[in-house]
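Subject: Structure for you to look at

Hello,

I am handing over a structure that you have not worked with before. Please open it first, then read the notes that follow.

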Amino acid sequence: MTVDATKLLLFMPTMLLISATPGMCMTLAMTLGMTAGLRRTLWMMAGEVLGVALVTLLCGIGVASLMARHPTGFLIFKYAGALYIGWLGLQLWRSRGALSLSPEQLRHRAPPPRHMLALQGFVTAVGNPKGWAFFLVLLPPFLHDTGRTLNLHFAAIVLIVALSELLCMTAYAVGGKALSHLLAHRGNVAIINRIAGSLMIAVGLWLALS
């Protein structure tokens, strides 16, 4: 049950750098920061953090190797999630749906459902096959006791992953919110919807094709 502080200190900057790299979840955070605001985007972040923590945990105990031998269920989940996110992006691009903005909604808008935002984050994190492959490659050198994955050291690794993702998604969401305010101030609400919709469609395609 010991913790290898040296390995954890090496893992922290490695994971933070990886999380900061633009990817599906960071793009989704920026998109929702533009349209839903930072506070509502926290629900998506909660779903994403739960999803990436689950992926980290399952990769650590070797479940990903079973999924590689029986990929059908994973593919169904991935494509269903990609279609869902792509459909939300199309609705946004057309200035429709719960996530879209209008000049009136900027002042009095009903926030998008929390469960929908959390589901988007969870599906994006769990449905990304590159995430599974990445953690399968990344984790082994940083594990303290490969014979006993579920220990205090591995719990610290999962916590570092979750905090790194949360910190970087917050930064992306704040950037998206700032861009939204800039465009809205100039009366370009439709442009916000189209930019956000295009980004979300890109996330859906990214998920489907990865």
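The model is a predicted one, and everything below was computed from it. Threonine 27 has a relative accessibility of 13%, so it counts as buried, the cut-off being under 20%. Apart from neighbours within four places in sequence, threonine 27 is in contact with Leu199, Val203 and Trp206.

The overall make-up is simple to state. The protein has nine helices and zero strands, so the order of elements from the N terminus on reads α-α-α-α-α-α-α-α-α. Of its 210 residues, 44% are buried. Among the contacts between residues at least 6 apart in sequence, 85% join residues at least 24 apart.

Another threonine is worth a look. Threonine 41 is found in helix α3. Is threonine 41 buried or exposed? Its relative accessibility is 0%, and therefore it counts as buried. Not counting residues up to four places away in sequence, threonine 41 touches Ala29, Leu32, Gly33, Ala36 and Ala173. Threonine 41 and methionine 169 are separated by 128 residues in sequence, and their C-alpha atoms are 9.2 Å apart in space.

Next, a pair from two other helices. Leucine 16 belongs to helix α1, while serine 164 has its place in helix α8, which covers residues 152–185. How far apart are leucine 16 and serine 164 in sequence and in space? They are 148 residues apart in sequence and 5.2 Å apart in space, C-alpha to C-alpha. With neighbours within four places in sequence left aside, leucine 16 is in contact with Ser164, Leu167 and Cys168. On its side, serine 164 touches Met15, Leu16 and Ser19, again without residues up to four places away in sequence. Serine 164 counts as buried because its relative accessibility is 6%. Leucine 16, at 36%, counts as partly exposed, because that value falls between the limits of 20% and 50%.

Now to how two of the helices pack. Two packed helices are described by the angle between their axes and the distance between the axes. For α3 and α6, the axes come within 7 Å and cross at roughly 35 degrees. This crossing of α3 and α6 is right-handed. On the α3 side, the contact is made by Arg40, Trp43, Met44, Gly47, Glu48, Leu50, Gly51, Val52, Leu54 and Val55. From α6 come Arg114, Leu117, Ala118, Gly121, Phe122, Ala125 and Val126. By class, the residues of this contact are eleven nonpolar, three polar and three charged.

The last item is the largest pocket, which holds about 440 Å³ of space. It is lined by 21 residues, and those closest to its centre are Ile18, Gly23, Asn128, Gly131 and Glu165. Which elements give two or more residues to this lining? They are α1 (5–20), α2 (24–35), α3 (38–60), α6 (114–126) and α7 (129–138). The largest share, four residues, comes from α7. The lining is made up of twelve nonpolar, six polar and three charged residues.

Regards

Terms used: Residues are numbered from 1 along each chain as its sequence is written. This is a predicted model: local features need pLDDT of at least 70, side-chain atom pairs count only at pLDDT 80 or more; totals for chains, interfaces and linings use all residues. Side-chain values use heavy atoms; hydrogens and water are left out. On a 1 Å grid over the protein atoms alone, a cavity is a set of points where a 1.4 Å probe fits but cannot get out, and a pocket is an open set with protein on both sides within 12 Å along at least five of seven lines; lining residues have an atom within 4 Å of a point. Grid points are joined across faces, edges and corners, and a volume is the space filled by probe spheres set on the points. Ala, Val, Leu, Ile, Met, Phe, Trp, Tyr, Cys and Pro count as nonpolar, Asp, Glu, Lys and Arg as charged, and the others, Gly among them, as polar. Axes are lines fitted to C-alpha atoms, for helices over the stretch in contact, and angles run from 0 to 180 degrees between N-to-C directions. A crossing is left-handed if the near helix is turned anticlockwise from the far one by less than a right angle, and right-handed if clockwise. Contact means heavy atoms within 4.5 Å. Buried means under 20% relative accessible area, exposed over 50%, partly exposed in between (1.4 Å probe, protein chains only).
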